[in-house]
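Please keep the structure in view while reading.

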Amino acid sequence: GVSVHKVVCKVKRMGGGFGGKETRSVNYSAAAAVAAGALNRPVRIVVERNVDMATSGQRHAFVGKYKVGFNQDGKLQALDVTLYSNAGWCLDLSVPVMHRGLFHIDNVYWIPNIRAFGRVCKTNMPSHTAFRGFGGPQGLMVAEAAIDHVARHLGMPGHELRAMNLYGEGQKTHFNQVLTNNTIGRAWDQCKKRSGFDARLQKVKAFNSASRWRKRGIALVPTKFGIAFTAKFMNQGGALVHVYTDGSVLVTHGGTEMGQGLHTKMIQVAAGALGVPIDMVHIAETATDKVPNTSPTAASMSSDINGMAVFRACEKIAARLKPLRDTLPKGTPWKEIVHKAYFERINLSAQGFYK
């Protein structure tokens, strides 16, 4: 019964393995909150590692059953696939994980006719949850299994089959996204050339022909990952930027730092937008009383949405300072500009939002 505006959540940084911390931490945070409210004192819950592993869930195991149609020259024509995921005892994030698996079932290949079904299976296990890739790798692995299956049937090298079926510019995915600025062909060619794939392939063949028992292999496999949340409303970010009279800048944004360097990127964005040295910008801890209603730091887009929010907040401050800057000699130090702005009663704080 406590309103959200009376609850402040703060995160300075966390360890890796973000997925298990996205939703499955609620078991312990809710228990600690209830106890703290009842006792009116701080409460901390620490569980042993084996208990944490047993309760927080793992990556969703997938089974894919498919039928694939193709021409004798290797051109793919159709894919009929059903994905089954092991959700555990409750849904948690299993439905959006399945969605992402279905969105990645084509990998980077143009298949004119695709029919894909997803089935989320309830099992007597801890509820499985978000893991890096969030269903994408599972869908990709089923797609690549189908490609390998076709290659073996035709007696064709896998890399040749993959190359001839890559998406082209302007083609449409099975979820109706038109591919513009498509770089997969160029990325494939560059990777193949820079890795010396053809020369290494010949060395592998030479080794295998001379060795009866030991064998080597080499593969060239493309991949993709769709950034952004599949739930459109979650694709939003916020930031709060303060400039102090000594010229220092304090930035708060909606993303959390877990070793991926998000805070460093946000400092760079703010410094670039305001034209100040990086050492004058500081990131405060993520807190719900500074930036409310934040989305999870996930979906490979936190730098994008929070970075744009920081940029827009800095743009507002820069726009307010521009009339003053125009009256000052070129090259006036930042600290002097800010100092004068304060006495001119210019607002040196701004909120940014991006969607």
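## Pockets

A pocket is an open set of grid points with protein on both sides within 12 Å along at least five of seven lines, and a volume is the space filled by probe spheres set on the points. In this predicted model, the second largest pocket has a volume of about 650 Å³. Its lining is made of 25 residues, of which Gly20, Lys21, Ser25, Tyr28 and Asp52 are the closest to the centre. Helices H1, H2 and H3 (49-56) each supply at least two residues of this lining, and H3 gives the most, with four residues. Sorted by class, the lining of the second largest pocket has 10 nonpolar, nine polar and six charged residues.

The largest pocket holds about 1,200 Å³ of space. Among the 42 residues that line the largest pocket, those closest to its centre are Lys21, Glu22, Thr23, Ser25 and Pro296. Two or more residues of the lining come from each of E1, H1, helix H2 (26-39), H4 and strand E8 (286-287), with the largest share, four residues, coming from H2. The classes in the lining of the largest pocket are 24 nonpolar, 13 polar and five charged residues.

## Cavities

How many cavities of 30 Å³ or more does the structure hold? There are two cavities of 30 Å³ or more, and the largest cavity has a volume of about 70 Å³. The residues that line the largest cavity include Val68, Leu76, Ile105, Tyr109 and Val150. Strand E3 (76-88) and helix H5 (136-154) each supply at least two residues of this lining, and H5 gives the most, with four residues. By class, the lining of the largest cavity has 10 nonpolar, no polar and one charged residues.

The second largest cavity contains about 50 Å³ of space. It is lined by 13 residues, and the closest to its centre are Gln236, Gly254, Ser295, Ile305 and Asn306. At least two residues of the lining come from each of strand E5 (237-243) and H10, and H10 gives the most, with three residues. The lining of the second largest cavity divides into three nonpolar, 10 polar and no charged residues.

## Helix packing

Two packed helices are described by the angle between their axes and the distance between the axes. Helix H10 (residues 302-327) and helix H11 (residues 334-343) pack at an angle of about 105°, with axes 10 Å apart. Because angles from 65 to 115 degrees count as roughly perpendicular, H10 and H11 are roughly perpendicular to each other. In this contact, Leu321, Leu324 and Arg325 of H10 meet Trp334, Ile337, Lys340 and Ala341 of H11; by class, the contact has five nonpolar, no polar and two charged residues.

Which residues of helix H4 (residues 94-103) are buried? The buried residues of H4 are Ser94, Val97, Met98, Arg100, Gly101 and Leu102, and they pack against strand E2 (62-70), E3, strand E4 (113-122) and H5.

## An exposed arginine

Arg13 lies in the loop between strand E1 (10-11) and helix H1 (19-22). Is this residue buried or exposed? Exposed means over 50% relative accessible area, so Arg13, at 58% relative accessibility, counts as exposed. Arg13 and Ala228 are 215 residues apart in sequence, and their C-alpha atoms are 22 Å apart in space.

How values were computed:
Residues are numbered from 1 along each chain as its sequence is written. This is a predicted model: local features need pLDDT of at least 70, side-chain atom pairs count only at pLDDT 80 or more; totals for chains, interfaces and linings use all residues. Side-chain values use heavy atoms; hydrogens and water are left out. Axes are lines fitted to C-alpha atoms, for helices over the stretch in contact, and angles run from 0 to 180 degrees between N-to-C directions. Angles under 35 degrees count as roughly parallel, over 145 as roughly antiparallel, 65 to 115 as roughly perpendicular and the rest as oblique. Contact means heavy atoms within 4.5 Å. Ala, Val, Leu, Ile, Met, Phe, Trp, Tyr, Cys and Pro count as nonpolar, Asp, Glu, Lys and Arg as charged, and the others, Gly among them, as polar. Buried means under 20% relative accessible area, exposed over 50%, partly exposed in between (1.4 Å probe, protein chains only). On a 1 Å grid over the protein atoms alone, a cavity is a set of points where a 1.4 Å probe fits but cannot get out, and a pocket is an open set with protein on both sides within 12 Å along at least five of seven lines; lining residues have an atom within 4 Å of a point.
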